Amino acid sequence: MALTAAFFALDTDLSTHSGLEARVAALIAPAVEDMGYEIVRVAVLGRERPTVQIMADCKDGSLINVEDCERISHAVGAVLDVEDPIPGAWTLEVSSAGIDRPLPRAKDWNRFAGHQAKAEVLLPVNGRRRFSGTVLGSDGTVARMRLDDGTEVALPLEELRRARLVLTDALIEASARMVQSAPGTDPAQKNDDDSSGPKVH
């Protein structure tokens, strides 16, 4: 097993956990939550030497930094070594959700209501699969958007292939306010940490 603490946004926007990913998420969630973090998404990529990608946030909604990634990777690595859900060698990567983060859960759609996003569904809704517009929230079953043409659409959460916030000035300002309001956070130090590259341990 190789462990890497990396501060980057993951590219693969799998919206729901199933199979091995669901098992990994269930195994590591208690340890991650006990440390004050929450799992946003788990992805297992590759076959011969799979990479387990963990995306996490702080429970208060603030972005994690490189030191947080290292703490999470040590804890998650220990759990997976004991439980051994993945046979053979594997690599662990832990990352922040980032500012223009994916929206895999209902709580993400509610938290970022009012911001711009793009989404793609597995099965067409109203004759289309790709959507762009303003996040309106979620009732736990569907994610609602107001499209650029003013119409509204309800996208089944279980049919989301990918969904991600669009980086805008409003989103950057909202994220900056969130960092500044986090208890015990030094915004200047947080920014320095965000620029750090991958660390292997």
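Visitor: Is Ser138 buried or exposed, and what is its relative accessible area?

Guide: Ser138 is buried, with a relative accessible area of 9%, where buried means under 20% relative accessible area, exposed means over 50%, and partly exposed is in between, using a 1.4 Å probe and protein chains only. Before going on, please keep in mind that this is a predicted model, in which local features need pLDDT of at least 70 and side-chain atom pairs count only at pLDDT 80 or more, while totals for chains, interfaces and linings use all residues. Residues are numbered from 1 along each chain as its sequence is written, and side-chain values use heavy atoms, with hydrogens and water left out.

Ser138 belongs to strand β6; strands (E, at least two residues) and helices (H or I, at least four residues) are DSSP runs, numbered from the N terminus. Leaving aside residues up to four places away in sequence, Ser138 touches Ala106, Trp109, Asn110, Ala143, Arg144 and Leu157, where contact means heavy atoms within 4.5 Å.

Strand β6 pairs with strand β7 (residues 142-147) in the antiparallel sense over five bridges, and two strands are said to pair if DSSP finds at least two bridges between them. Within this pairing, Gly137 stands opposite Arg144 in β7. The hairpin of β6 and β7 has three residues between the strands, and Gly140 takes a positive phi near 100° there. Strand β7 is also joined by five bridges to strand β8 (residues 152-156), and these two run antiparallel; Arg146 has Glu152, in β8, as its bridge partner. The hairpin of β7 and β8 has four residues between the strands, and Gly150 in its turn has a positive phi of about 95°.

Side chains of opposite charge can pair when their charged atoms come close. A salt bridge is a side-chain nitrogen of Lys or Arg within 4 Å of a carboxyl oxygen of Asp or Glu, and the structure holds ten salt bridges. One of them joins the side chains of Arg130 and Glu120, at 3.8 Å from N to O. Arg130 lies in strand β6 (residues 128-138) and Glu120 in strand β5 (residues 116-125), so this pair ties together parts that are ten residues apart in sequence. Arg130 is exposed, with a relative accessible area of 59%, whereas Glu120 is buried at 14%.

Elsewhere, salt bridges that share partners join Glu38, Asp57, Arg101, Arg105, Lys107, Asp108 and Arg111 into one network. In this group, the side chains of Asp57 and Arg101 meet in a salt bridge of 2.3 Å, N to O. That pair links distant parts of the chain, for Asp57 is in strand β3 and Arg101 is in the loop between β4 (91-96) and α3 (106-111), 44 residues apart. Both Asp57 and Arg101 are buried. Asp57 also forms a salt bridge with Arg111, whose closest N and O atoms are 3.6 Å apart; since Asp57 lies in strand β3 and Arg111 in helix α3, the pair ties together parts that are 54 residues apart in sequence. Asp57 has 0% relative accessibility and therefore counts as buried, while Arg111 is partly exposed, with a relative accessible area of 30%.

Strand β3 (residues 51-58) also holds Gln53, which counts as buried because its relative accessibility is 11%. The C-alpha atoms of Gln53 and Glu93 are separated by 4.8 Å, although the two residues are 40 residues apart along the chain. Their side chains are joined by a polar contact of 3.2 Å, meaning a pair of N or O atoms within 3.5 Å; within protein, one must be able to donate a hydrogen and the other to accept it, and residues adjacent in sequence count only if both atoms are side-chain atoms.
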